[in-house]
Amino acid sequence: MDLANVTRDIKRADLLQMYFYLRLTRTLEDRVTALYRQGRIVGGVYTSHGMEAIAVGYASALERDDVIAPFHRDMGAFLIRGFTPGEVLAHYLGKRTGPSKGKDGNVHMGDLKRGVIGFVSHLADNLPVATGIALSFKIRGERRVVFTGTGDGGTSRGDFHEAMNFAAVRKLPVVFFCNNNQYAYSTPQCLQMAIRDVADRAKAYGMPGEIVDGNDVAAVYLASTRAIALARTGGGPTFLEFKTMRMHGHSEHDPAKYVPRELLEEWKGKDPILKAEYLLNQLDYGDEAYFHEMGERVKKEVEAGLEFAEQSPLPDGPEVLEGVFATEDEVAS
Amino acid sequence: MTTATAQTEVTYLEAISQALDEEMDRDERVFLMGEDIGTYGGAFKITDGFLAKYGEWRVLDTPLAESGFVGAAIGAAMMGLRPVVEMQFADFISCAFDQITEVAAKNHYRWGAAVPMVIRAPFGGGVHGGPFHSECPEGWFFHSPGLKIVAPSTPYDAKGLLKAAIRDPNPVLYFEHKFLYRRIKALLPSEDYIVPIGKADVKRAGRDISLITYGAMVHLALEAAELLAQEGIDLEIVDLRTLIPLDKDSVYESVRKTSKAILLHEDNKTGGIGAEIAALLAEDCFDHLDGPVLRIAPPDTPVPFSTPLEEYFLPKVSDIVTAARKLAAY
């Protein structure tokens with residue numbers, strides 16, 4: 001990363017804030033993993049461990065009234081949009097105080113008021129949805145943008161192609177990204193596609209495609225900022241490929257023995273938090289003492305959140321019957 | 001495009017077109033997406049003239065990608081617009097199955113996002129469409145909580161139910177029967193009206209047997225009822241109009257009166273809507289029944305093309321007469 005570009009295009013406060021969210025994401029998800037191993041969280045746990053820079057970078061580049069339809073390894077985006085560690089943990093624990101009131105689990109959180117679309121397990125399902133959100137902005141003449149993405153695996157699905165194509169044809173204000181962490185569950189990229197760079201897919205739809213270091217929060221932020229600006233000014237969609245590596249299993253139950261150890265060793269050195277600390281050090285924005293202080297701060301936030309979540313009530317069984325249909329007053333305006 | 005007047009009879013197809021036009025006119029949030037609906041005016045010409053009247057951002061010709069444009073409708077609906085998407089044929093709705101059942105149907109339940117959208121699906125046989133242009137796919141969605149499903153049988157219901165669907169805060173599947181498009185006409189009120197979702201309609205009052213049906217089969221049932229009347233068998237015909245939420249009260253009221261029930265539909269027999277209603281009658285109306293609950297529905301095959309095959313496949317007036325005579329004997 002060129003330091004001159006960083007100092008020119010990223011405010012110091014924004015970069016420090018991104019570092020904070022990298023740390024908060026890591027600490028929160030490590031806590032979630034520990035709770036899962038203790039048997040206190042049931043169901044799936046899909047973390048962004050080692051990939052935190054992607055969500056933190058792009059969500060930081062968006063304006064407040066832009067919309068995010070996140071991937072399932074985008075915890076940082078939720079936190080930046082104001083989901084508290086307490087809400088996230090309540091959600092994981094199936095508590096009534098979580099954003100889905102116990103109806104859904106893991107990273108399936110959404111809230112229209114905070115501009116976050118609830119994740120759907122069927123990968124790439126929310127890409128056409130995001131395209132429609134962008135269409136609504138275009139129809140209403142709003143200068144808003146939607147940011148959405150999937151993994152390398154999800155780019156094989158028809159919905160990925162249908163969304164990219166429609167968005168490009170209508171020049172809609174949407175940015176697509178691929179979190180290319182090299183594995184779709186256990187299947188390596190070479191068994192998913194015959195191309196090396198997922199970004200190449202952009203050419204087929206007539207939109208720009210760009211390869212970005214997904215472990216460098218500043219690079220993610222800058223590439224996202226450019227793509228968002230293009231979308232906001234009527235230039236249509238961009239496809240960003242964030243190259244990264246999944247450092248844990250697909251879900252925390254999965255030891256991922258199919259991943260070569262050397263590959264993980266190689267990527268350990270590219271950890272997004274280490275990279276961010278190196279950058280902050282170089283810019284003289286932060287030192288070891290600062291990093292330590294941040295670590296203590298996020299730990300406190302996560303522990304306070306866990307206390308809230310644990311004290312929160314579970315839903316009552318009959319609440320299962322609530323909310324199948326919406327009422328008129330719930331329609332967005 | 002047609003203009004509503006109290007004096008002119010309109011076809012079922014024109015009634016649908018009127019509903020779309022009037023709703024787009026009264027509510028700028030309403031917009032249309034689908035294949036060939038703009039310049040061409042739709043495969044059945046329902047949106048003929050709409051592009052010129054409402055412009056390219058309210059009448060969108062889409063790429064040939066049902067999942068993509070249904071997903072897009074979901075996104076726009078969540079932002080507060082009121083998309084109405086057209087399946088060129090209901091058969092193609094299978095391409096969008098995942099978006100409908102996993103995204104549209106579950107979003108509100110999972111995280112509180114209302115999805116006020118309509119999917120229009122021209123369905124049904126009798127038009128020599130063969131296996132991919134004749135299907136009745138409503139059964140697939142009948143089992144999917146979070147969706148509403150309507151299927152009008154008359155021009156009046158077609159217009160009123162489409163308006164109600166567009167104004168509903170939930171995803172509504174609107175099954176319009178292709179066979180009826182230009183075959184039936186009616187005088188419609190000149191003032192704005194809706195047919196509420198969730199209300200069945202007794203299309204013919206009778207005392208002996210309740211025949212419960214929907215869609216084009218309503219007309220078959222009415223024809224059979226005239227023949228049976230000559231034999232002294234008085235059919236009551238309940239047109240469900242809405243499949244979800246099912247108007248159990250109207251069904252039960254009719255069956256408790258007549259004590260006999262025939263369920264008629266054009267969708268395959270196994271696992272169809274008739275099966276569900278038969279089970280409901282067994283659970284809730286057993287004490288009132290004086291005979292077996294009978295089903296009339298096509299065999300479990302795809303819809304065939306060749307005329308004698310399709311004629312054999314589709315329910316006939318004679319099937320209803322035979323079933324009614326059998327039941328009258330109890």
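In which sense do β2(B) and strand β3 (residues 59-61) of chain B pair, and over how many bridges? I looked this up and found the parallel sense, over 3 bridges; strands here are DSSP runs of E of at least two residues, helices are runs of H or I of at least four, both numbered from the N terminus, and two strands pair if DSSP finds at least two bridges between them.

Before going on, I note that this is a predicted model, in which local features need pLDDT of at least 70 and side-chain atom pairs count only at pLDDT 80 or more, while totals for chains, interfaces and linings use all residues. Residues are numbered from 1 along each chain as its sequence is written, and chains are lettered from A and ligands numbered from 1 in the order in which they are written.

**Entry: strand β2 of chain B**

I followed the pairing residue by residue and found that the bridge partner of Leu32(B) in β3(B) is Val59(B). β2(B) also pairs with strand β4 (residues 82-86) of chain B, in the parallel sense over 5 bridges, and there Met33(B) has Val85(B) as its bridge partner.

I then checked how covered strand β2 (residues 30-34) of chain B is, and 5 of its 5 residues are buried, a residue being buried if 20 or more other C-beta atoms, placed from the backbone, lie within 10 Å of its own, exposed if 12 or fewer do, and partly exposed in between. Both faces are covered, with Val30(B), Leu32(B) and Gly34(B) buried on one side and Phe31(B) and Met33(B) buried on the other.

**Entry: chain B as a whole**

I counted 12 helices and 14 strands in chain B. Its radius of gyration is 20 Å, close to the 20 Å that the globule rule gives for 330 residues, so chain B is as compact as a globular protein of that length; the radius is taken over C-alpha atoms, and the rule is 2.2 Å times the number of residues to the power 0.38. Along the principal axes, the C-alpha atoms fill a box of roughly 60 × 45 × 40 Å, and buried residues make up 57% of the 330 residues.

I also looked at contacts, which are pairs of residues whose C-beta atoms, placed from the backbone, lie within 7 Å. Among those in chain B between residues at least 6 apart in sequence, 78% join residues at least 24 apart.

**Entry: the two domains of chain B**

The assignment, which is automatic or from a database, gives domain 1 (9-187) and domain 2 (201-328). I found that 25 residues of domain 1 of chain B are in contact with 22 residues of domain 2 of chain B. On the domain 1 side, the elements that give two or more residues are α6 (138-142), β6 (148-150), α7 (155-167) and β7 (172-177) of chain B.

**Entry: two single residues**

I located Asp300(B) in the loop between β14 (294-296) and α11 (307-313) of chain B. Asp300(B) is exposed because 10 other C-beta atoms lie within 10 Å, and, not counting residues up to four places away in sequence, Asp300(B) touches Asn268(B), Lys269(B) and Thr270(B).

Leaving aside neighbours within four places in sequence, its contacts include Asp66(A), Val67(A), Ala130(A) and Pro173(A). Val146(A) and Asp65(A) are 81 residues apart in sequence and 9.4 Å apart in space, C-alpha to C-alpha.
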